[in-house]
Amino acid sequence: MSKHTDKITTEYSKALQDKTNSIVKNTAKAKFAQYDSNNLNKYGADITDYSFGCGDPLSFAQVEKGQTVVDLGCGAGLDLLIATEKVGTLGHVIGVDINPDMLEIARNRTAQYHNITLYQAHIESLPLPSSSIDWVISNCVINLSASKQSVFDEIARILKPDGQMLVSDMVAEQLHGGSNIAVL
Ligand SMILES: C[S@@+](CC[C@H](N)C(=O)[O-])C[C@H]1O[C@@H](n2cnc3c(N)ncnc32)[C@H](O)[C@@H]1O
């Protein structure tokens, strides 16, 4: 791991110790991330704990039954659960994250779904075959990468020719002296 990803892993592991740190939890129970709270209830009252997303990418993606979805930086796994419902039992959902603590929560939450696979890996170097994925989603992760070009190169490599990508993320401008941040 680089110093950059070491620091990110340390910070997110720290944040997991303090549930109040969760962006989704702090912002009126998922309103900020624009999740439909009624839909989330079926996953349990604590499902937004450990969520750090800035949107709800799957509510915009026309994911179909039987497709394969990859979530880059899946964190504690909320979007994996939503994705598995969309792809059904014949589809496949893959979560990738560098943080073992996040992956442990995701593993516990998704244990009953046999079509979810988790990898501890960098999104800049994905352990996935080329041209194998229908949808790449990501929720507030690519902004953290020190090599965004590598991430987009990997997305282009793993997507099937007609594959699609849908990400929620943030962009910042004028970081030195008054930053402007937009949530996409
Ligand atoms: C803002 S959180 C979002 C987590 C999740 N998508 C959600 O909606 O709650 C960022 C996540 O990306 C992971 N991450 C950050 N940089 C990464 C990288 N280069 N490769 C893989 N995962 C990364 C972190 O470990 C963390 O779990």
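This is a predicted model: local features need pLDDT of at least 70, side-chain atom pairs count only at pLDDT 80 or more; totals for chains, interfaces and linings use all residues.
Visitor: Which element gives the largest share of the shell around the ligand?

Guide: Elements that each supply at least two residues of this shell are α1 (3-17), α4 (78-87) and β2 (92-97). The largest share amounts to four residues, and the element that provides it is α1.

Visitor: Of the residues around the ligand, which come nearest?

Guide: By class, the shell holds 13 nonpolar, 10 polar and three charged residues. Of the 26 residues around the ligand, those that come nearest are Gly53, Gly73, Gly75, Asn99 and Asn139.

Visitor: Which element gives the largest share of the largest nonpolar core?

Guide: This core has 39 residues, of which Val69, Val70 and Ala83 touch the most other members. Two or more residues come from each of several elements, including α1, β1 (68-72), α4 and β4 (133-139). The largest share of the core is six residues, and the element that gives it is α4.

Visitor: Within what arc do the buried residues of α5 fall?

Guide: The buried residues of α5 are Met102, Leu103, Ala106, Arg109 and Thr110. Seen down the helix axis, they line one face, because they fall within an arc of 125°.

Visitor: Which exposed residues does the opposite face of α5 carry?

Guide: The buried residues of α5 are covered by elements including α1, α4, β2 and β3. The face turned away from this buried side carries the exposed residues Pro100 and Asn108.

Key. Residues are numbered from 1 along each chain as its sequence is written. A residue is near a molecule or strand if its C-beta atom, placed from the backbone, lies within 6 Å of it. Ala, Val, Leu, Ile, Met, Phe, Trp, Tyr, Cys and Pro count as nonpolar, Asp, Glu, Lys and Arg as charged, and the others, Gly among them, as polar. A nonpolar core is a set of buried Ala, Val, Leu, Ile, Met, Phe, Trp, Tyr and Cys residues joined through C-beta atoms within 7 Å. A residue is buried if 20 or more other C-beta atoms lie within 10 Å of its own, exposed if 12 or fewer, and partly exposed in between; C-beta atoms are placed from the backbone. The arc is that of the directions from the helix axis to the C-beta atoms. Two residues are in contact if their C-beta atoms, placed from the backbone, lie within 7 Å.
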